[in-house]
Amino acid sequence: MASSCLNSLILPPCSLPRKLTETYASLSSSYPALNPTSSSTGGALKPIVINGDPPTFVSAPGRRIVAVGDLHGDLDQARCALEIAGVLSSDGQDSWTGGQTVLIQLGDVLDRGEEEIAILSLLRSLDIQAKAQGGAVFQVNGNHETMNVEGDFRYVDSGAFDECSDFLAYLEDHQYNWENAFLGWIEESKRQREDRKLSQNHWGPWNLVKRQKGVIARSILLRPGGPLACELARHAVVLKINDWVFCHGGILPRHVAYGVERMNYEVSHWMRGLTEDDETDPNFPFIATKGFDSVVWNRLYSRDMPGLEGYQINQIQSVLEETLRSLGAKAMVVGHTPQTAGVNCKYNCSIWRIDVGMSSGVLNSRPEVLEIVENKARVIRSKSDRFSELQAVDYT
């Protein structure tokens with residue numbers, strides 16, 4: 001049954017998405033601050049142009065692009081990744097230092113960690129700051145975002161339930177003004193985290209009640225039409241920036257044939273609570289969010305399966321090449337599957353796998369990010385080895 005944004009709370013309704021036929025129109029007029037004044041070499045750069053709602057095709061002439069993989073609720077590791085990417089200040093002020101850089105985060109901010117909303121708040125704050133300097137911040141939704149909107153909380157950290165309870169109370173204190181509360185949460189969450197640590201040993205038999213409160217709060221925030229679900233609805237599942245395609249799991253030819261704008265629109269529409277919330281609804285975004293070969297779940301390109309014959313590897317490469325050709329893209333960047341060897345590329349570097357499992361809830365590995373400058377990709381590992389190239393490929 002179709003739902004509206006939070007029937008149980010008095011909240012401003014989600015802004016209705018544009019009709020599908022309008023998603024092709026440029027939204028650059030909505031981002032006036034994206035007009036940069038100069039490049040790193042002193043020459044003026046053309047403005048960033050964004051097409052689609054949510055953003056689907058982005059033209060960012062001359063920009064440095066930095067891609068960050070799965071964060072899974074680990075704010076400290078997220079900050080570390082953003083700092084080595086050169087887009088976040090290291091002084092604790094959460095200032096954008098990327099200038100005209102375009103940052104793209106590949107989903108799975110949710111689950112396995114306890115500071116999910118804080119990370120989302122930080123990314124939105126950085127987006128606002130980046131636009132003022134001629135840069136931009138984009139996100140794509142992953143399988144853990146779609147799972148939570150479906151009400152699948154199997155991988156939620158206990159601390160994340162607490163964060164949901166605290167954030168919902170904070171939202172109420174702000175009289176359900178979403179923008180003020182959401183943007184302010186990155187700072188408020190520091191105090192809330194300390195308060196939670198102090199109270200951890202005093203719950204005793206009330207832990208069950210506390211958990212139930214957290215589950216209810218999370219359901220309110222993330223059900224289709226909920227305020228946090230509407231926030232996630234601002235983001236795509238497939239995003240093409242210049243000649244590069246970004247998604248969480250992987251795109252197949254059938255996804256391209258279905259239409260990436262259509263998939264993005266349908267997922268956003270569903271998250272906003274504007275469709276029937278069941279898989280029998282023809283508008284349920286099944287092709288993007290459900291099944292092993294959906295956009296957010298696909299591991300065809302990111303999982304190295306032992307024992308594959310040469311012809312099978314060639315088939316996978318052919319599928320990838322067909323997909324890229326259909327999209328007019330040079331390469332694809334995915335997350336989803338932790339790469340124990342670090343960020344790497346395969347199939348003549350037409351696919352980059354950048355999930356390194358950096359969250360303490362996954363592998364707690366050293367953060368790494370992918371940098372793309374003038375169609376040349378390289379891996380940034382750490383501040384001390386900031387520009388060390390693991391693999392570099394020039395696509396020009």
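This report describes a predicted model of a single chain, from its overall make-up to selected residues.

## Overall make-up

The chain has 396 residues, and 58% of them are buried. Its secondary structure consists of 11 helices and 13 strands. Among contacts with a separation of 6 or more, 69% join residues 24 or more positions apart.

The chain exposes about 16500 Å², and carbon and sulfur atoms supply 51% of that area.

## The nonpolar core

In soluble globular proteins, nonpolar side chains tend to be buried together. The largest nonpolar core in this model contains 102 residues. Those with the most contacts inside this core are Ile 104, Ile 241, Phe 246, Met 332, Trp 352 and Leu 370. Helix H2 gives the most to this core, with 8 residues.

## Helix H2

Helix H2 runs over residues 116-132 and has 17 residues. From its first C-alpha to its last, H2 reaches 25 Å, close to the 24 Å expected at 1.5 Å a residue. Of its 17 residues, 14 are buried, and the helix is mostly covered. After H2 comes Gly 134, which has a positive phi near 90°.

Arg 218 is part of helix H6, which covers residues 207-222. Arg 218 counts as buried because its relative accessible area is 0%, under the 20% cut-off. Its side chain makes a polar contact with the side chain of Glu 116, at 2.9 Å. Beyond four places in sequence, Arg 218 touches Leu 110, Asp 111, Glu 116, Asn 148, Phe 153, Val 156, Ala 160, Phe 161, Cys 164 and Arg 223. One of these, Cys 164, is itself buried, with a relative accessible area of 0%.

Asn 141 is in the loop between strand S5 (136-139) and helix H3 (143-150). Its relative accessibility is 2%, so Asn 141 counts as buried. A polar atom of the Asn 141 side chain lies 3.4 Å from the backbone oxygen of His 235. Not counting residues up to four places away in sequence, the residues that Asn 141 touches include His 235, Ala 236 and Val 237, along with Gly 107, Leu 232, His 248, Met 271 and Val 296.

## Backbone exceptions

Most residues other than glycine have a negative phi, and most peptide bonds are trans. The peptide bond from Asp 53 to Pro 54 is cis, with omega near 10°. Pro 54 sits in the loop between strand S1 (49-51) and strand S2 (57-59).

Asp 108 is not a glycine, yet its phi is positive, about 55°. This residue lies in the loop between strand S4 (102-105) and H2. Asp 108 counts as buried because its relative accessibility is 2%. Tyr 176, also other than glycine, has a positive phi near 60°. The place of Tyr 176 is the loop between helix H4 (158-173) and helix H5 (178-199). With a relative accessible area of 17%, Tyr 176 is buried, since the cut-off is under 20%.

## Cysteines and the disulfide

The model has 1 disulfide. It is formed by Cys 345 and Cys 349, whose sulfur atoms are 1.9 Å apart. Cys 345 is buried, at 11% relative accessibility. Cys 349 is buried as well, with a relative accessible area of 12%.

Cys 80 has 28% relative accessibility and therefore counts as partly exposed. Cys 164, which was named above as a contact of Arg 218, is buried at 0%.

Definitions and conventions
Residues are numbered from 1 along each chain as its sequence is written. This is a predicted model: local features need pLDDT of at least 70, side-chain atom pairs count only at pLDDT 80 or more; totals for chains, interfaces and linings use all residues. Side-chain values use heavy atoms; hydrogens and water are left out. Helices (H or I, at least four residues) and strands (E, at least two) are DSSP runs, numbered from the N terminus. Buried means under 20% relative accessible area, exposed over 50%, partly exposed in between (1.4 Å probe, protein chains only). A polar contact is a pair of N or O atoms within 3.5 Å; within protein, one must be able to donate a hydrogen and the other to accept it, and residues adjacent in sequence count only if both atoms are side-chain atoms. Contact means heavy atoms within 4.5 Å. The expected span of a helix is 1.5 Å times one less than its number of residues. A nonpolar core is a set of buried Ala, Val, Leu, Ile, Met, Phe, Trp, Tyr and Cys residues joined through side-chain atoms within 4.5 Å. A disulfide is a pair of cysteine sulfur atoms within 2.5 Å. Accessible areas come from the Shrake-Rupley method with a 1.4 Å probe; for residues, only the protein chains shown count as cover.
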